[in-house]
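Please have the coordinates open.

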Amino acid sequence: MQSTSVPARREVTPLELFFDLVYVFAIGQLSHQLLAHPTWTGAAQTLVLYLAVYAAWAYTTWAVTLVPAEDPRTRRMLLTVMLLGLFMNAAIPRAFGDAGWVFVVTFLLIHLGRTVWLLRVGLDRRDQEHWRRVLVWFAAAAPFWLTGAAADGGARLVWWAAAILIELAGTWTAHPLPGRRLDSRQVGFAGGHLLERGRLFMIIAFGEAILTTGTALTTAPYEPMTLLTSSVALAGTVALFWLFFSRSEHIVRHYERTEDPIRAGRSGVYSLMVSVAGMIAAAAGDERVIAHPAHHAGITTNLLLFGGPALFIGAQTWHGRTLFDDLPRARLVALSALVVGCAVTPAAPAYLAAVVAASIVVTLAAFEDRRPSGDATAKPLSSGRPRP
């Protein structure tokens, strides 16, 4: 049996980084999916696909915190998930068309197969109990995925949205089953390793944002407006990068010393999920502005330009609040400014809306850069609660 006493932080292996390359492709596919369908329905479709892709990555990453990537069994699992993930992510643009079955079958093979694999590698009793419960919840959602693949049009979106809501509810509540409770403080795993993998995944999202800006720049006419909008897009991306990484070491230290890494890890997984979604939205908004800078911004472009950074900053603020008694007023002011900016600039030229959105984020990053860099105070360890 494998012990639950695992190191808080391990080196990320080259194979894990190689595995993440499949999700560079996925994030690009999702950005283009959102740009190709800039409607409420298109946004809902992109969100459902994103949540499925993110779940495939997050649960696989979590599995590698339990059975390290140096283990030959884990290497085989990661390579298998990579292959399936390549087909799953390639199906994203046509998932609501003729590739629905390709997307669902590969997703379920990853999700269910990886969980069954974990139950066969010799985890200790508590981890076995936890992953049996996870498998029950995944199996409960599977009929909704399969029914959606067999449906057409809007019905597919409804079935798949129901499936992803079941999975999100399971993750949020720690996959409860009737009459069975599990104290998350008794389940050990390499929380620091999960955090490091999350930070590297965030770099992938930033890389995709830069790639999206660069691709838009290559197809736009070379004139002063293109230079302005591209520079604004890059400035906003750099500011978000700074907000994410400049003060992350105190979070790392919390993961290393907490008695409840499961609680901290779940908070980190959720905040990362929302942050990456915000990056995808912001990158799509930047591409629209670079392509049509003089057009009215409109509601769609504004929701991407202002809503993307708001999701990103809001998720990071919530994560800090969850781990520490820390709720920076500057971030609340910035979130309010993004809401106001989105509301007042729909009729403005797109380039002006982009300047306003980027200015808010850059100002916040500059303000936080001047704050003292002392470690935030962690919440008392007794705040960890038994998870059902």
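Is Thr61 buried or exposed? Thr61 is buried, with a relative accessible area of 2%. Buried means under 20% relative accessible area, exposed over 50%, and partly exposed in between (1.4 Å probe, protein chains only). The model is predicted: local features need pLDDT of at least 70, side-chain atom pairs count only at pLDDT 80 or more, and totals for chains, interfaces and linings use all residues. Numbering starts from 1 along each chain as its sequence is written, and side-chain values use heavy atoms, with hydrogens and water left out.

**Around Thr61**

Thr61 lies in helix α2 (residues 40-66). Helices are DSSP runs (H or I, at least four residues), numbered from the N terminus. A polar atom of the Thr61 side chain lies 2.9 Å from the backbone oxygen of Trp57. Not counting residues up to four places away in sequence, Thr61 touches Leu194 and Arg197. Contact means heavy atoms within 4.5 Å.

**Salt bridges**

The whole structure has 6 salt bridges. The criterion is a side-chain nitrogen of Lys or Arg within 4 Å of a carboxyl oxygen of Asp or Glu.

| Pair | N to O distance |
|---|---|
| Arg197 and Glu16 | 3.1 Å |
| Arg133 and Glu129 | 3.9 Å |
| Glu368 and Arg331 | 2.8 Å |

Arg197 in helix α7 and Glu16 in helix α1 (residues 14-36) are 181 residues apart, so the pair links distant parts of the chain. Arg197 is buried at 2% relative accessible area, and Glu16 is buried at 2%. A network of salt bridges links Glu16, Asp20 and Arg197.

Arg133 and Glu129 are separated by about one helical turn, because they sit 4 residues apart in helix α5 (residues 125-150). Both Arg133 and Glu129 are buried.

Glu368 and Arg331 are both buried too.

**A buried charge without a partner**

Glu208 is in helix α7 (residues 191-219). Glu208 is buried yet has no salt bridge. The nearest side chain of opposite charge, Arg288, is 15 Å away. Lys and Arg count as positive, Asp and Glu as negative; His and the chain ends are not counted. Leaving aside neighbours within four places in sequence, Glu208 contacts Val24, Ile27, Gly28 and Ser31.

**The nonpolar patch**

Phe25, Leu83, Leu86, Phe87 and Val102 make a nonpolar surface patch of about 450 Å². Helix α3 (residues 72-90) gives the largest share, 3 residues. Leu83 lies in helix α3 and is exposed, at 52% relative accessible area.

Key. Patches are made of residues with over 30% relative accessible area and no salt bridge: like charges are joined within 9 Å, nonpolar side chains (Val, Leu, Ile, Met, Phe, Trp, Tyr) within 5 Å. Accessible areas come from the Shrake-Rupley method with a 1.4 Å probe; for residues, only the protein chains shown count as cover. Helices (H or I, at least four residues) and strands (E, at least two) are DSSP runs, numbered from the N terminus. A polar contact is a pair of N or O atoms within 3.5 Å; within protein, one must be able to donate a hydrogen and the other to accept it, and residues adjacent in sequence count only if both atoms are side-chain atoms.
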